[in-house]
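Open your viewer and get your selection tool ready. This tour moves from stop to stop, telling you what to pick next and what to look for there.

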Amino acid sequence: MLSVAESSTPIIELRRLHRVFGATRAVDNVSFEVGRGQVFGYIGPNGAGKTTSMRILATLDLPSAGDAFVDGFSCVNDPDRVRRRLGFMPDYFGTYADVDCYEYLDFFARAYGLAGRERHQAVRRTMSFTRLDELATKPIRGLSKGMRQRLCLGRAMIHDPSVLILDEPANGLDPRARIELREMIRQLAADGKTVLVSSHILTELAEMCDQVGIIERGRLLALGTVAEIQRQQTPHRSVNVRILGGAAELAVWLGQRPDVSAIQLEGEQIRFTHAGTEVSEASLLREIVLANFSVSQFASHSQSLEDVFMAVTRGAVQ
Amino acid sequence: MSLSDTLTASPQTSTSWQRLEGLLEKLGDRLNPIVVKEARQAMKSRQFVVTFSLLLLCGWVWTLLFVVSGLPAIYYAPVGPGVLMGYYAVLSVPLLIVVPYAAFRSLAGEWEDGTFELLSITALSARQIVTGKLASAVLQMLVYYSALAPCVAFTYLLRGIDIVSIFLLLGYSFAASLLLSTCGLMVATVTRVRHWQVLLSVVFVMALLVFTFVWDASFLAFLSNGGTLPLDQPDFWIAHLCALTFYIPAILLLLFIAAGQITFASENRSTPIRVLLLVPQALIIGWFIYLWRRIGHEGPLYFLIFVAAMYWAAVGAMLTGETAELSPRALRRLPQSFLGRMLFTWLNPGSGTGYIFVVLNLAAVLLVAYVVPAIGPLPTLQSRVLSRQLPEPDMWFAVSACLLGYLAAYLGTTRLFVILIRRYTPVGMPATFLFHLILVICGVLVPLLFQRAITGRTYENLAYSSLQAPNWAWTLEIMSRTGTFRSALPSLGIIMFVGAVVFLINFVQSAREVQRTRQVAPTRVLEDDLVLHPVTPKKRNPWDEA
């Protein structure tokens, strides 16, 4: 089993999880752990099995085999205990007619067993966090998509759960609403919540997630921190060097090194691929300078999460 | 003043209104959250406003029309029943159509709007969700009643009908509305597939319309004939008590079924329903014994065994459709002791335990019906009746054995058939019920067709023969009509033999379900239980401070 959790007691654990719908294997032997207070990004194309595994974690569905655990409780056998610790924000709104924002949150606070002052404080805290204070008496039907998303996030966290599962929370949001949502997720993580979030916007996930899992056709293809996955998937780094004279000589010099390949000479600029870590890259730069080449620019970059995602997945759906 | 303001208000500014609001708030905290939410929604919903306004309007229009058309007779003639007819008809529309349909839509709408899943992962149990919906329906009913309360008072003032009768008649409507609303909730849980829900919705509305028409027609005819209830007759009240004792378990059963349908799959949904199923059984036995003693005739006891057989056949057709899998969660609550396992294993989920549960229950009823006349002779009639009216013991035994044999054979055969099919494809409870129905119908038709084919006679000329052993309808009819089992003796042997064999096969096959033992809850669960329900150490002596 792949394990990336830094904490010794994972708060989320998927153990050989399978979910079959007829001939379709929506989730196929998926196992991973998420430590407390981490933000886990769940990435995959549409129909990859993200929502299915999230629904099992949220105790909305049963696995065909295997089990999922939240804070050590089985999502199959102890759903009531899991629900107390978990807030789920699905990829749909799920709102009631003829209800305003305050009543909506108040209802779910009651439904989670909060009463009296505790309930009012929870509603006020949630409205403040999601910046819905001024919309308390506004009917839900009149809310924009971004406001609704914030309201749904508020509903998921009204009972102060330690784990939040957010399924495509940024889907269809404008850039401003997306940035606000990202800030909220960061704040939640800073408050010690464990967040499992799926999204198609990979740049955002790369920024906020401590670790990510890439899933396709129900199978977990990659797991780890973004940097780890980048290294796993693409051990080579692309390097761009600009020198003041002697570019051809440098190209020859580089060509003699076993860790350098794909050298391209473009005027004073040389592009090549370097197999190694950032440390060995620094050592290479030092050697170039010691070999009396006048380096005016040295830039290297690893592949982005999007590049890695494209490399790992094939875009296949079931 | 908003509630938040109330909470932050200083003691100096606290007024009696704020204290009252605080009290109401505390009361509200104890209410089912769904009632609070639905009441808030209803106050703003167009459906409620329109229905309430129309009800008020119709009530007042009817009052005016009746007064204007009835003048001057209303000054001296007892015209109360006449005016109540109008109010009854007006009230029946919201009570018997709008409220039950709103209850149905309220639950079905949770699936359509995607809110059910959000609700199901809260701390609310499935039973709380269903009872919350029902309580909201009751709240609506009360609001509609309150709208017509002045009209009802007006009816009483017009004389011709006493206040108890008025309340009873309105009570019947309330009971009917409550039952229909519960049915609506149960129907709403039958399927989550959109097109089936639309179909169910149409069927349910049509059923409500037909029911309301029949209901109104019956009560309006009753009121037009004077509307006098035999309030001074004890039997009238005993009949009401009897109806009430069956009505309450029926409502509970429907609620339990509805809650069972929406309960998380790993939960034990069957045991509470099975426990509740024992209540009508006890009531049937109790009321029939009461009737037997009251009438002074064994007829009710004889009738009892047929009613019980029908009841358990219907229940068995459902229970034998259960699957045998028990989640670890359900296994944690299995009975542990030898006595507990012996008595309560049959309440565990599973088609095998369900089958044995049903057969044992019918056997218990048959035993009671057979033993009661022997050990408890009628106090007033004594030996005269005993010698004349006790049924022939052999006949009594024969009918009982026949009913038990049929139940064991038919339910057991279908169960084995379903188990066989389940090896290839999943078979649900509705499908199992359908298989039962088909088999029972085939049990009547096939022997008839077969005998007609081999004898070449018409149906009118067919004589009962042992070929008709599977034909439960003809066998029981001929035994009851002739008052003897002589003509059906060979069939009786076949029925008992087949019933016993099928029962034995099922009993052996159910061993796996019976052998399950309790599983210990995981350590994490036990730890959590300790946190939720901490055990305070008891003092061992007066000086012990632990």
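**Stop one: an arginine and its partners**

Select R415(B) and Q509(B): their side chains make a polar contact at 2.6 Å (a pair of N or O atoms within 3.5 Å; within protein, one must be able to donate a hydrogen and the other to accept it, and residues adjacent in sequence count only if both atoms are side-chain atoms). Before going further, note that this is a predicted model, where local features need pLDDT of at least 70 and side-chain atom pairs count only at pLDDT 80 or more, while totals for chains, interfaces and linings use all residues. Residues are numbered from 1 along each chain as its sequence is written, chains are lettered from A and ligands numbered from 1 in the order in which they are written, and side-chain values use heavy atoms, with hydrogens and water left out.

Now show helix 17 of chain B, residues 393-421, which holds R415(B); helices here are DSSP runs of H or I, at least four residues, numbered from the N terminus. Is R415(B) buried or exposed? R415(B) counts as buried because its relative accessibility is 1%, and buried means under 20% relative accessible area (1.4 Å probe, protein chains only). Leaving out residues up to four places away in sequence, R415(B) touches T320(B), S351(B), G352(B), Y355(B), N506(B), Q509(B), S510(B) and E513(B); contact means heavy atoms within 4.5 Å.

**Stop two: a leucine in a loop**

Move to L158(B), in the loop between helix 7 (126-157) and helix 8 (163-188) of chain B. With 7% relative accessibility, L158(B) is also buried.

**Stop three: where chain B meets chain A**

Display both chains. Here 38 residues of chain B are in contact with 46 residues of chain A. The buried area is about 3,700 Å², with 55% from carbon and sulfur atoms (the accessible area, 1.4 Å probe, that two parts lose on being put together, summed over both). On chain B, highlight L118(B), I121(B) and F264(B), which lose the most area to chain A, together 19% of what that side buries.

Finally, select D80(A) and R329(B), whose side chains form a salt bridge (3.3 Å, N to O). The two chains share 15 salt bridges, each a side-chain nitrogen of Lys or Arg within 4 Å of a carboxyl oxygen of Asp or Glu.

How values were computed. Helix = DSSP H or I, 4+ residues; strand = E, 2+ residues; numbered from the N terminus. Buried < 20%, exposed > 50% of the residue type's maximum accessible area, 1.4 Å probe, protein only.
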